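Biologist: I would like to learn how to read side-chain features in a model. Could we work through a case together?

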Amino acid sequence: MALSEMTVRHARITGNDYTLGDSDGLTLNVTARGGKVWLFRYYWAGKQKRMSLGCYPQISLKEARTRRDDARALVGESAEDVMLPVSSAMLGPHASSTLSANGRSFVGGMDEQATGMIQALGVWPGQVRLGTEECQRVL
């Protein structure tokens, strides 16, 4: 069921963290100390990930939905370009130097779509980003 502005505003402290779900992966995480953080849940490389979209009331329900739609579009576009991690057993005895060199070449040669996602969202895929300093104080 979709959240309403009144439901979000009246979410109370219960002593435990809890989550209120909206739609299409948008949730409001209410912490035990009273902080309210918008999270976008999505799947990346077969694993569920969460991305912080900001704190309530700095980010309203309407703005959180807009940010969720933007993030969903970016994740959906780049889902086809996911590179799965390579284990060191597959690479042999020189795995650490090979992985290090491959990592540098991957970051240096990222396509425009991945670079755009990182610049637009400020995070790598799968990295959780806490919003503003106000969020971090409350959490």
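Modeller: What follows goes through aromatic pairs, salt bridges and the nonpolar core. Keep in mind that this is a predicted model.

Biologist: How many aromatic pairs does the structure hold?

Modeller: A pair of aromatic rings is described by the distance of the centres and the angle of the planes. The structure holds two such pairs. In one of them, the ring centres of W38 and Y56 are 6.4 Å apart and the planes stand at 80 degrees, so this pair is edge-to-face. The cut-off behind that label is an angle over 60 degrees.

Biologist: Where do W38 and Y56 lie?

Modeller: W38 belongs to strand β3, residues 36-44, while Y56 is in the loop between β4 (47-55) and α2 (61-78). The pair therefore ties together parts that are 18 residues apart in sequence.

Biologist: Is W38 buried or exposed?

Modeller: W38 is buried, at a relative accessible area of 0%. Y56 has 14% relative accessibility and also counts as buried, because the limit for buried is under 20%.

Biologist: Which residues form the stacked pair?

Modeller: F40 and Y42 do, with 5.3 Å from centre to centre and 15 degrees between the planes. An angle under 30 degrees is what counts as stacked. F40 is buried at 1% relative accessibility, and Y42 is buried at 5%.

Biologist: Next, charged side chains. How many salt bridges does the structure hold?

Modeller: Side chains of opposite charge can pair when their charged atoms come close. Here there are four salt bridges. One of them joins R65 to D22, with the closest N and O atoms 2.9 Å apart. R65 is in helix α2 and D22 in the loop between β1 (18-21) and β2 (26-30), so the bridge ties together parts that are 43 residues apart in sequence. R65 is partly exposed, at 26%, whereas D22 is buried, at 9%.

Biologist: Which other salt bridge involves D22?

Modeller: The side chain of D22 also meets that of R68, at 3.8 Å from N to O. R68 lies in helix α2, so this pair links parts 46 residues apart in sequence. Both D22 and R68 are buried.

Biologist: What does R68 pair with at 3.0 Å?

Modeller: R68 forms a salt bridge with D69 at that distance between the closest N and O atoms. R68 is buried at 6% relative accessibility, while D69 is partly exposed at 40%. Through shared partners, salt bridges join D22, R65, R68 and D69 into one network.

Biologist: What else does the side chain of D22 reach?

Modeller: The D22 side chain reaches the backbone nitrogen of L3 at 2.7 Å. Leaving out residues up to four places away in sequence, D22 touches M1, A2, L3, L61, R65 and R68.

Biologist: Now the nonpolar core. Which residues of the largest one touch the most other members?

Modeller: That core has 19 residues, and L3, L28, W38 and F40 touch the most other members. The elements that give two or more residues to this core are β2, β3, β4 and α2.

Biologist: Which residues is L28 in contact with?

Modeller: Setting aside neighbours within four places in sequence, the contacts of L28 are L3, V8, Y18, T19, L20, K36, V37, W38 and Y56. The list includes W38 and Y56, the partners of the edge-to-face pair.

Methods:
Residues numbered from 1 in each chain as written. Predicted model: local features only at pLDDT ≥ 70, side-chain atom pairs only at ≥ 80, totals over all residues. Heavy atoms only, no water. Phe/Tyr/Trp six-rings, centres within 6.5 Å; stacked < 30°, edge-to-face > 60°. Helix = DSSP H or I, 4+ residues; strand = E, 2+ residues; numbered from the N terminus. Buried < 20%, exposed > 50% of the residue type's maximum accessible area, 1.4 Å probe, protein only. Core = buried A, V, L, I, M, F, W, Y, C linked by side-chain atoms within 4.5 Å. Contact = heavy atoms within 4.5 Å. Polar contact = N/O pair within 3.5 Å; in protein donor to acceptor, adjacent residues only side chain to side chain.
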